[in-house]
Amino acid sequence: MARWGSSTSPLCWAWRPGPAGGAFAGRIANFVFSPQMLSPDDARTTDQGKPVTELINFEPASPTWPVQVRQMMGQVTPQDPWTLPKSTAPFSKPVAKPLPTGPALKPDGADNWTVGGWRLAEAPKVRGDGAQISQPGFDTASWYVATVPGTVLTTLVDRGVYPDPDYGLDNLAIPESLNRQDYWYRTEFDAPADLQGRHPLLTFKGINYAAEVWLNGERLGGVRGAFIRGRFDVTGHLRPGQKNVLAVRITPPPHPGLPHEQSITAGVGENGGMQALDGPTFIASEGWDWIPAVRDRNTGLWQDVTLTATGPVRIGDAQVVTKLPLPDTSKADVTITVPVENLTGQPVQAEIRAAFDDVTAAKTVTLAPGAGSVTLSPAEFPQLSVKKPALWWPNGLGDPTLHTLTLTVAAGGAQSDEKRTRFGIREVSYELSLMDSGGHLRRVEVDPTAAFQRGERVVDGSHTGIHKIAGGWVSSLVPGAEKSPAVKPLEDASLAPYLILKVNGVRVPARGGSWGTDDWRKRVSRDRLEPFFRLHREAHVNIIRNWVGQNTEDVFFDLADEYGLMVLNDFWESTQDYNIEAQDVPLFLDNAADVIRRYRNHPSIVLWFGRNEGVPQPVLNEGLESLVATLDGTRYYSGSSNRVNLQDSGPYDYRDPSQYFTTLSRGFAVEVGTPSFPTLEAFEAAVPPADRWPVSDTWAYHDWHQTGNGDTHGFMAAMERKLGAATSLADFERKAQLMNYESHRAIFEGMNAGLWTVNSGRLLWMTQPAWPSTNWQIMSHDYDTHGAFYGVQKAAEPLHVQLNAPDDGISVVNNTRESRKGLSVRARVLTVAGQVISDKTQKVDAPTDAATPARRLDLAAAIQAHGLVLVELELSDATGTLSQNVYWRGTDEAATRHLNDLAPQPVTLATRTEQAGDEVKVHVTLTNTGTVASLMNKLTLQNADGSRLLPAYASDNYVSLLPGDRREVTIAYPAALAQGQPKVGLRGWNTQPTTAAVTPP
């Protein structure tokens, strides 16, 4: 018996779990346990006690999302000097780069120019105000030639004022004062004479953080927030046919915080701090556990400045909405909404024309003065119902086809404006579990595009709309939304409550990783970033995350579109109950609105997140949800990047690889990380010789964490248990790459093993290197690729055969949209000494989008007899090998040390080349001519002097070969980058190092 809220103390209560194994989860007032059984009289006396109703506390059966109740401010006092990182190596000497060249006004198509010729100075050193500085003749001889686009720090490093902070501890040579003063940017340019009578527009694509803009002695206005465009109609201010002076005073984020400089003694420090108050900015630049503090906090003209000219009517940010009659993809309806602005004071008759591929539609309207919009729809223009459309697909499922839309507006018999935008024909829908108004959990598929076109809101992601359920949190259906055609009920709830992404009606197994930031100093030219996107595609991933919106720029989304990488896009708040919430909500929403308008046509964006790891404060969350619904409408919005229909974040430290099959990162996991040490060459390129071995403060400064989420002690301990303690940097790197490969392959093989039963998505923290880091990312700042990269590439390959853990079952994974029949799976089991224990082949069919069990290997007897065995799985068809994987299985972790018994093996290399456009493809054939396995064979493409030739794109690497095995690896590289005759270097776990010459075609 039990009594709650009783004023009497003795209480007897017997409880036995029910069939579902349930448990009591409440609190009992005045609960007292008696070790003796009560007599009948005592029990009757106790039962007569009167309950104290004041002690009864009722709670909702399904609590709603809480608001933030605590926060941290980061480093609040200067760091103790004795804890600062130390090195015996001196700071590097600054090295100036060649000055940028080119005109101050560079044509970029008709009536479009990029503004260049910028100079930069610290505001305290400048005598004069904006009116004076923005006049011809102002003396800027002592100013720096500025790197634009770029930050203040980029200019100061490029001009040789400070050393490159990427190297060693050189960031400590750069003062924090850079983020505590304003800066002036200034340029002079001759405006074309034919702009007379036209309407010129100056656009600042990105300024961090706040700016005042002056032209020819007049203040045009201000800009605030890193992600909103500053747009100024300069009709009457610009001087056509004359010299013009443009000056911009830029102020850093007002709450830059204090940096924590990571060392072995100091540990990792907090993630961010006061700068989170500033909302739409680069909050990670205060310092996070994957970058140190950026001294200028990314202040500056970090994106291009453009000048455009139009007639009396100007085109705004058009929206292209594509709708497919799913599951049918043979037709697509394309609806184009064109914002237009009549810049005159009178009504204007205008023709709006839209053209893409072989489709053209035009409409004549009368525009009232001011802003308006014109819609071109299939109902009015049947040609906008496109037959057999070329669709945009995520990487691995088809081509990411893009279409260029040309919009023109003509008024008074002449063209007034023209704009081009790219879009993809595709539709995203979402399977997930939502709470209905009756409190029932429903498994549904939500089609936001259908809801948008019907003028409906179907999902409630507000704090009161988010409910706690067993196993997580879910958003709600708007009352009545379960009856909407945009909400389809589903029978299969096996993945409840987790999200499944669908593109063009096809479920997409989301494999990829987060980008903390593309580059910690915002060096984000297309030339610099494109190799990283290409490498992501080569790794077979299909999704990346724009963490806290730190990568919100044109080139990021352009490249994601082109390489078929879906984007989960955050806005600019981080972890709830940890990071401070943004102070200026209207400013935040203004930046968000401009971002949505600007990027809503990019097919790569598949979901908007309001906040990293938590829901924004209610006023901001509801504002963001409303903006997404009204300005986009075709994508799902969730306030939180985790927990709400998603798995919680982490872990971030080393775990036994088998746990990724059994307990870790189930459902849709947006962040899971494990150490990923760079290659020996990449590490040496970033760390001075004196600091390379043993582990030093420079390691810690470059994120080899001694504390915190990414504490590497577990990795080091596992290395010692499995492979023995490292005796040198080279030995450590060799062992780290083996562990990198094994753990990252397991992360995605574990996802494969439970595909569509317990798993629908898994993203690494992280894939992209923001700077020369020693932790987490799968490639390096200089495009080198780790063992982790190839573990991911292997597990995510289109057709894959794998050995599951811990049950040793074989699965064949088909990640394509085509079923495959009659495949062969060969499983060979060998001892470390090369003795064949078993060699069996079986036939298997591989249905599309599925992990198909083949059979289970019984390795117990062999492991017991030999301690450690090697398993090679090979998947093939009539054309040859489709997938090949080598594993090791032992009695325990210590048994892995038997890999140290493998003697160095001879592996021969043969190369042939072919020209492929601007690239050279090197086909390398590796053959193990030895008597035992040769593991983790790493190919390194080199210049004639032995330096790495990067970027290089390898179809495979860290290849393991049993005796007699032969594999071909293809490596592509830009022909123009080769210095002398290239060669391929080979090293491995137990491989005799060698090189082979590469003869260019």
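These legends accompany several close-up views of one predicted model.

The model is predicted, so local features are described where pLDDT is at least 70, side-chain atom pairs count at pLDDT 80 or more, and totals for chains, interfaces and linings use all residues. Residues are numbered from 1 along each chain as its sequence is written, and side-chain values use heavy atoms, with hydrogens and water left out.

**View 1. An edge-to-face ring pair, Y654 with F715**. Welcome to the aromatic part of the tour: the structure holds 40 aromatic pairs. In the pair shown here, the ring centres of Y654 and F715 are 5.8 Å apart and the planes meet at 80°, which makes the pair edge-to-face. Y654 sits in the loop between β34 (636-640) and α9 (659-662), while F715 belongs to helix α12 (residues 713-723), so the pair ties together parts that are 61 residues apart in sequence. (Rings of Phe, Tyr and Trp, the last by its six-membered ring, pair if their centres lie within 6.5 Å; planes under 30 degrees apart are stacked, over 60 edge-to-face, and the rest tilted. Helices are DSSP runs of H or I with at least four residues, strands are runs of E with at least two, and both are numbered from the N terminus.) Y654 is buried at 9% relative accessibility, and F715 is buried at 0%. (Buried means under 20% relative accessible area, exposed over 50%, and partly exposed in between, with a 1.4 Å probe and protein chains only.) Ring pairs also link Y654 and F715 into a cluster with F677, F683, W693, W699, W704 and F732.

**View 2. Arginines over aromatic rings**. R745 lies over the face of Y887, 3.9 Å from the ring centre. In another spot, the charged end of R817 sits over the ring of W393, at 3.8 Å from its centre. (A charge sits over a ring if NZ of Lys or CZ of Arg is within 6 Å of the ring centre and within 35 degrees of the ring normal.)

**View 3. The largest cavity**. Rolling a probe the size of a water molecule over the atoms shows where empty space is left. Here the structure holds nine cavities of 30 Å³ or more, and the largest has a volume of about 130 Å³. Of its 15 lining residues, D784, T785, L939, L941 and A952 are the closest to its centre. Strand β46 (residues 934-942) gives the most to this lining, with four residues. By type, the lining of the largest cavity divides into nine nonpolar, three polar and three charged residues. (On a 1 Å grid over the protein atoms alone, a cavity is a set of points where a 1.4 Å probe fits but cannot get out, and lining residues have an atom within 4 Å of a point. Grid points are joined across faces, edges and corners, and a volume is the space filled by probe spheres set on the points. Ala, Val, Leu, Ile, Met, Phe, Trp, Tyr, Cys and Pro count as nonpolar, Asp, Glu, Lys and Arg as charged, and the others, Gly among them, as polar.)

**View 4. The second largest cavity**. This cavity has a volume of about 110 Å³. It is lined by 14 residues, and V320, T322, R426, R600 and R635 lie nearest its centre. Strand β13 (residues 319-323) gives the most to the lining, with four residues. The lining of the second largest cavity divides into four nonpolar, seven polar and three charged residues.

**View 5. The loop between β37 (799-803) and β38 (809-814)**. Most residues other than glycine have a negative phi, and most peptide bonds are trans. A805 is buried at 14% relative accessible area, and D808 is buried at 10%. Beyond neighbours within four places in sequence, A805 is in contact (heavy atoms within 4.5 Å) with S658, F661, T662 and R889.

**View 6. S475 and its surroundings**. S475 is found in the loop between β25 (472-474) and β26 (476-477) and counts as buried at 2% relative accessibility. Its contacts beyond four places in sequence include M435, D460, Y636 and N645.

Methods: 1 Å grid on protein atoms, 1.4 Å probe; cavity = no way out; pocket = protein on both sides within 12 Å on 5 of 7 lines; lining within 4 Å.
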